[in-house]
There are 4 protein chains.
Amino acid sequence: MGILRLSHLELRVADLELATAYYTEVVGLVEVERDDERVYLACWDEHDHHSLALHGHPSPGLDHVSFKVECDQDLDELETAAIHRGCHVRRLAAGEEVGQGPAIRVRSPSGHEVELVHVRTKTGGLLPRVNPAPEPPGLLGIHPPRLDHVQLTAEDVGGATAFFTAALGFRLTERLVGSGGSLLGSWLERSHTPNDVAILRGPNGGLHHVGFWVDDWDQVRRAADVLADNGVDIEAGPTRQGVTRSLGVHFFDPFGNRNEVFTGGYRPDPDDEPTTWTEDEIGRAFFHYQGRLDARFLAASD
Amino acid sequence: MGILRLSHLELRVADLELATAYYTEVVGLVEVERDDERVYLACWDEHDHHSLALHGHPSPGLDHVSFKVECDQDLDELETAAIHRGCHVRRLAAGEEVGQGPAIRVRSPSGHEVELVHVRTKTGGLLPRVNPAPEPPGLLGIHPPRLDHVQLTAEDVGGATAFFTAALGFRLTERLVGSGGSLLGSWLERSHTPNDVAILRGPNGGLHHVGFWVDDWDQVRRAADVLADNGVDIEAGPTRQGVTRSLGVHFFDPFGNRNEVFTGGYRPDPDDEPTTWTEDEIGRAFFHYQGRLDARFLAASD
Amino acid sequence: MGILRLSHLELRVADLELATAYYTEVVGLVEVERDDERVYLACWDEHDHHSLALHGHPSPGLDHVSFKVECDQDLDELETAAIHRGCHVRRLAAGEEVGQGPAIRVRSPSGHEVELVHVRTKTGGLLPRVNPAPEPPGLLGIHPPRLDHVQLTAEDVGGATAFFTAALGFRLTERLVGSGGSLLGSWLERSHTPNDVAILRGPNGGLHHVGFWVDDWDQVRRAADVLADNGVDIEAGPTRQGVTRSLGVHFFDPFGNRNEVFTGGYRPDPDDEPTTWTEDEIGRAFFHYQGRLDARFLAASD
Amino acid sequence: MGILRLSHLELRVADLELATAYYTEVVGLVEVERDDERVYLACWDEHDHHSLALHGHPSPGLDHVSFKVECDQDLDELETAAIHRGCHVRRLAAGEEVGQGPAIRVRSPSGHEVELVHVRTKTGGLLPRVNPAPEPPGLLGIHPPRLDHVQLTAEDVGGATAFFTAALGFRLTERLVGSGGSLLGSWLERSHTPNDVAILRGPNGGLHHVGFWVDDWDQVRRAADVLADNGVDIEAGPTRQGVTRSLGVHFFDPFGNRNEVFTGGYRPDPDDEPTTWTEDEIGRAFFHYQGRLDARFLAASD
């Protein structure tokens with residue numbers, strides 16, 4: 001019946017060892033597997049093979065974003081829908097990507113590599129399935145239980161949004177509308193959260209940030225303490241965002257890929273209208289407390 | 001596509017005025033409408049007509065639980081499925097129940113009145129749809145943003161669970177298994193949460209508790225402070241539950257209907273296995289900290 | 001035995017009605033008394049007449065800071081000590097200032113009006129003395145239980161600090177030392193907290209901020225939500241400060257007097273050494289997470 | 001000038017290795033030193049040699065409680081005051097007890113061994129004195145920054161309280177008064193907190209609990225998670241106490257010595273009246289939420 005949720009992201013990082021140290025010891029993900037070119041990481045409460053792949057590459061950014069679909073047939077249907085919209089699509093055979101079965105890769109109108117996959121190796125989370133404690137022992141750093149969302153940049157936010165809604169079946173939860181009526185940002189969901197993917201005006205193919213879930217505002221504070229202890233560049237927060245009603249902190253990995261630790265928000269009902277933010281309130285839309293943005297935040301990760 | 005989520009509950013309360021005062025001023029719901037026999041209440045972040053109806057009646061308990069379905073056709077399909085399982089079903093015409101269109105009422109094998117409805121009057125939440133603040137002003141008491149779940153009691157938990165999964169399409173997230181292998185409790189979802197409905201061994205047709213969502217552990221503390229200030233009978237908590245990994249507090253309305261304020265938990269993936277709790281860990285399953293239950297908690301509301 | 005704690009501050013505000021509305025409805029203090037020129041406010045858990053006096057005056061800033069001493073004799077001893085250091089001192093008769101007995105006013109070397117007083121009218125807090133609830137009902141806005149500290153500015157921080165330690169008996173808990181060895185900031189206590197008064201390099205007679213206590217990090221978040229709801233200019237935070245190890249948010253009253261909501265910190269032992277911050281870590285000293293300061297924060301309130 | 005604060009407690013534990021494992025790995029104190037009979041532990045933000053000594057001994061309980069005084073002369077003055085009240089006093093030479101100078105031991109009217117000491121070895125906390133982070137790395141378990149208070153039991157609470165106030169200079173912050181007018185409990189301070197020591201009706205010489213400070217309600221939750229993970233017997237909480245307005249959780253070490261993790265409360269002013277609790281509200285005085293006590297809680301540790 002379509003996309004279930006984010007499957008994984010692949011990020012480009014200039015130094016694979018440093019990136020692995022950062023994402024496992026500071027962010028607190030768990031290394032699942034590695035090969036010559038990539039390291040595969042998962043959060044402790046995720047059950048599929050990995051949610052983040054790090055790819056050694058001189059320029060930072062998002063290699064691809066992958067979504068998991070409910071059944072094999074979804075791959076065919078979504079492939080057809082993408083081709084119908086004029087997107088280039090290619091098939092990946094089972095095993096071509098570590099930890100998963102056959103997949104399709106769609107080049108989105110905004111220049112992002114969007115993957116769809118159904119079969120993924122079940123590695124299981126770190127808790128037992130019988131009488132589990134609330135958290136496994138021995139976690140490091142921030143240790144979010146889950147990857148939450150990805151925010152992309154696109155020159156034409158309206159077009160990029162239409163691809164995600166019309167071709168991939170995403171539902172719009174919030175939108176940021178410019179004074180001239182154009183779409184400056186959109187937040188989209190498939191898994192009953194305020195956003196699985198969001199799009200902000202910026203360069204095509206760009207990554208704004210990768211968002212990891214933590215359980216509450218105190219965990220956001222704790223995340224900020226961990227980041228400061230490790231000398232990480234914290235851009236903004238802890239703060240509240242008007243959009244998604246969430247609480248979080250934004251920071252950068254050692255290569256300039258923006259990360260977020262995120263909590264709160266609301267449970268969006270599929271039968272509700274999206275929320276609209278107007279450009280004159282853009283400060284509050286992103287930083288509810290200070291109510292102002294700097295130019296850096298509006299830029300894609302670098 | 002089936003059930004979206006809880007629509008509303010109808011509770012029997014001996015004194016409609018006292019009940020309304022309790023649910024609006026202490027729990028902090030908002031009165032939407034009232035007629036001679038009932039008062040209709042909603043949480044501030046809900047958009048349909050009401051999520052709790054109070055019905056003046058000498059004996060407390062659950063009159064019916066209602067679920068919202070995605071489309072009209074779901075009513076026909078679920079009616080057929082229920083009849084197929086030998087359940088008595090009756091149709092309610094549009095307007096027969098305040099704030100909604102046509103509905104069906106199924107008498108479940110466990111003796112609960114289970115309603116399904118598609119069309120409900122959209123009253124909207126208390127926040128504007130453009131540039132909303134994170135919370136509306138002037139709320140009273142605990143003011144949960146949403147009804148979260150209902151826990152029922154049934155003599156045959158296995159049979160009751162099968163009705164919810166096989167006839168209504170619920171997915172099992174957790175289960176409590178007796179030492180002899182019988183099912184003592186089950187937690188079931190349709191809306192991507194640890195439980196929309198749960199079933200605990202107890203009298204047929206019984207209500208264990210009604211669970212309201214709050215945003216975090218500090219709001220659980222605040223809820224407990226509000227309850228203590230109002231002299232409410234707090235049964236247990238603030239505590240963590242092993243089942244659902246949640247944090248909450250259990251208490252009683254003035255008539256003996258058990259309420260819960262609930263937060264935390266996890267985001268259950270539909271492609272994961274349910275978690276199992278064994279009877280020897282029943283204490284921890286419900287009260288992770290003390291690890292012991294008293295007889296009162298195992299009883300239905302009264 | 002000397003100074004017990006802060007007694008009260010008097011702030012200049014251009015519009016007494018607007019200031020009263022802000023400090024009672026947004027900050028959430030309680031109006032105790034008013035006369036033609038001043039409004040007297042207290043926090044809900046304070047027992048003396050007032051902790052904040054608002055004085056209608058075109059230019060913002062601190063009129064005077066007042067400390068409560070343990071006994072009458074302290075007034076004489078501290079007067080002698082101040083005169084000894086060359087400070088101008090004058091006596092205020094009982095009743096000359098609302099809600100208190102005789103006082104002395106010392107013009108400090110940094111140009112601040114520092115008052116010492118022993119007898120103050122006991123108005124009591126808002127909780128009963130028998131079987132109190134943890135918080136009184138009906139509070140508005142942020143409603144801090146207490147005034148926590150005041151931060152002053154001085155051109156010669158070393159000299160200003162010496163006055164507070166040598167003449168008034170304050171103890172240094174933390175200090176910020178410039179690369180050339182000069183003192184850029186000092187934090188001083190009499191009441192077993194990280195700071196009752198602090199001094200930052202800036203114009204003589206200046207006010208940096210007034211700090212109100214709240215109970216925890218979640219109350220800091222709640223304070224920021226209240227401020228944003230009321231359109232208050234939030235300068236920085238919620239954040240952690242390296243100095244005092246505290247958590248807080250900085251903002252401005254409608255006239256440019258900087259306020260802070262503050263929590264955390266530690267319990268300083270009088271037999272411990274002060275903590276030292278070096279100028280190269282000044283960013284982290286004030287804003288532990290971002291680790292950088294802007295010029296505005298280093299300025300006195302205006 | 002008298003007593004500054006708690007110096008340390010010595011507890012009897014049947015198994016010194018098990019006790020050390022519990023207090024370092026679960027409670028999270030740091031081992032400072034050990035000899036044949038005792039292990040000496042400190043919290044990470046304490047600067048003197050130790051705050052908890054564990055003494056191998058078959059029956060659990062409190063060996064002695066030790067307070068630090070401000071100067072040598074205090075020892076003489078407090079010795080005189082104790083002898084004046086008919087207490088047996090003995091002198092300990094420097095080095096007779098590990099990590100400290102000369103001390104006096106007073107047998108209190110309630111049968112407790114109360115030590116007074118001035119000189120203690122400064123071991124320093126775990127944070128540097130220059131540009132410290134808010135918390136040191138590598139802490140285990142709950143890791144409270146400080147010992148907060150000790151609660152004793154006495155048959156004659158009034159007499160025991162008079163000893164602490166009249167002979168040792170403690171100030172009463174709260175009291176629990178029986179329906180017949182007798183004192184059932186008292187809370188006493190020297191260091192500007194709601195209680196450094198408290199006394200509850202019970203056997204002479206008994207220990208009710210040892211209270212460790214944590215920073216907020218979320219740390220209480222975290223402490224309870226750590227305790228549950230380690231299978232510790234959690235008696236009550238997380239909850240709020242009416243007395244001291246605090247939040248905490250009560251539990252037992254492996255030998256039956258009751259521990260508490262404690263936060264919140266208020267800053268007591270020395271010029272305020274004590275708060276009174278009446279016996280009919282004893283439930284709320286200890287457990288504000290449930291409002292009821294069980295017999296176990298009223299018993300001393302065992």
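**Close-up views of two interfaces**

**View 1. Salt bridges between chain B and chain A.** Between chain B and chain A the count is 18 salt bridges (a side-chain nitrogen of Lys or Arg within 4 Å of a carboxyl oxygen of Asp or Glu). One of them joins Asp271(B) to Lys68(A), with 2.6 Å between the closest N and O atoms. The model is predicted: local features need pLDDT of at least 70, side-chain atom pairs count only at pLDDT 80 or more, and totals for chains, interfaces and linings use all residues. Residues are numbered from 1 along each chain as its sequence is written, chains are lettered from A in the order in which they are written, and side-chain values use heavy atoms, with hydrogens and water left out.

**View 2. Extent of the contact between chain B and chain A.** Chain B and chain A each give 37 residues to the contact (heavy atoms within 4.5 Å). The buried area is about 3,500 Å², with 44% from carbon and sulfur atoms (accessible area, 1.4 Å probe, that two parts lose on being put together, summed over both).

**View 3. Domain 1 of chain A against domain 2 of chain A.** The domain assignment of chain A gives domain 1 as 3-117 and domain 2 as 146-298 (bounds from an automatic or database assignment). Their C-alpha centres lie 20 Å apart. In contact are 39 residues of domain 1 of chain A and 37 residues of domain 2 of chain A. About 3,000 Å² is buried between these domains, 73% of it from carbon and sulfur atoms.
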